[in-house]
Amino acid sequence: FVQESAIPNFLFSSSKSALLWLVVRVYLGYEWFLAGWEKVHNPAWVGDSAGAALTGFINNALTKTTGAHPDVQGWYASFLQTAVLPNATLWSHMVAWSEVIIGVALILGLFVGLSAFFGSFMNLNFLLAGTVSVNPIWITLGVFLVLAWRVAGYWGLDRIVLPIISRRARSQNFRN
């Protein structure tokens, strides 16, 4: 039996670290919200020209597929060409609104683990498309929030919502 060391126990299990995760969570949520809000109010993302910005982003990513060590791998370029480009309007709406929803959920502390996971997944896709920007920082903070999900929402709605869901799930299992 291996005992957990004090630092991971404090960071990922102790409610004493909740203030740290509140700061990280609200910062990352604010950044996600701003990024999405900007897109939601941009006609090239959500509006009359929806899909135009995403199409430009993808076409730029596709130019980074050459050389010995391309920024965008062939398998991901294929996904962008076959799944995303033909449905750029749909994907454009999904990206913009997902960023807003992730931001709001993180700020409110609602489903922090899931929200941080999906945010990190979006960051991974941006990285796979050859865009560095803030993505390494955001994905790192997101992964830490996923690891700290038990305490990251302590000062948020998770403290209220997760016990309710847990009780309902246990009562459903008891009935079955």
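Mentor: Let's start with a term: a polar contact is a pair of N or O atoms within 3.5 Å; within protein, one must be able to donate a hydrogen and the other to accept it, and residues adjacent in sequence count only if both atoms are side-chain atoms. This is a predicted model, where local features need pLDDT of at least 70, side-chain atom pairs count only at pLDDT 80 or more, and totals for chains, interfaces and linings use all residues. Residues are numbered from 1 along each chain as its sequence is written, and side-chain values use heavy atoms, with hydrogens and water left out.

Trainee: Which side chains does a polar contact of 2.7 Å join?

Mentor: Those of Asn123 and Asn135. Asn123 lies in helix 6; helices are DSSP runs of H or I, at least four residues, numbered from the N terminus.

Trainee: Is Asn123 buried or exposed?

Mentor: Buried means under 20% relative accessible area and exposed over 50%, with partly exposed in between (1.4 Å probe, protein chains only). Asn123 is buried, its relative accessible area being 0%. Contact means heavy atoms within 4.5 Å; not counting residues up to four places away in sequence, Asn123 touches Trp32, Asn135, Trp138 and Ile139.

Trainee: How many residues has the largest nonpolar core?

Mentor: A nonpolar core is a set of buried Ala, Val, Leu, Ile, Met, Phe, Trp, Tyr and Cys residues joined through side-chain atoms within 4.5 Å. Here the largest has 33 residues, and Trp32 and Leu145 are among those with the most contacts inside it. Helix 2 gives the largest share of this core, six residues.

Notes. Helices (H or I, at least four residues) and strands (E, at least two) are DSSP runs, numbered from the N terminus.
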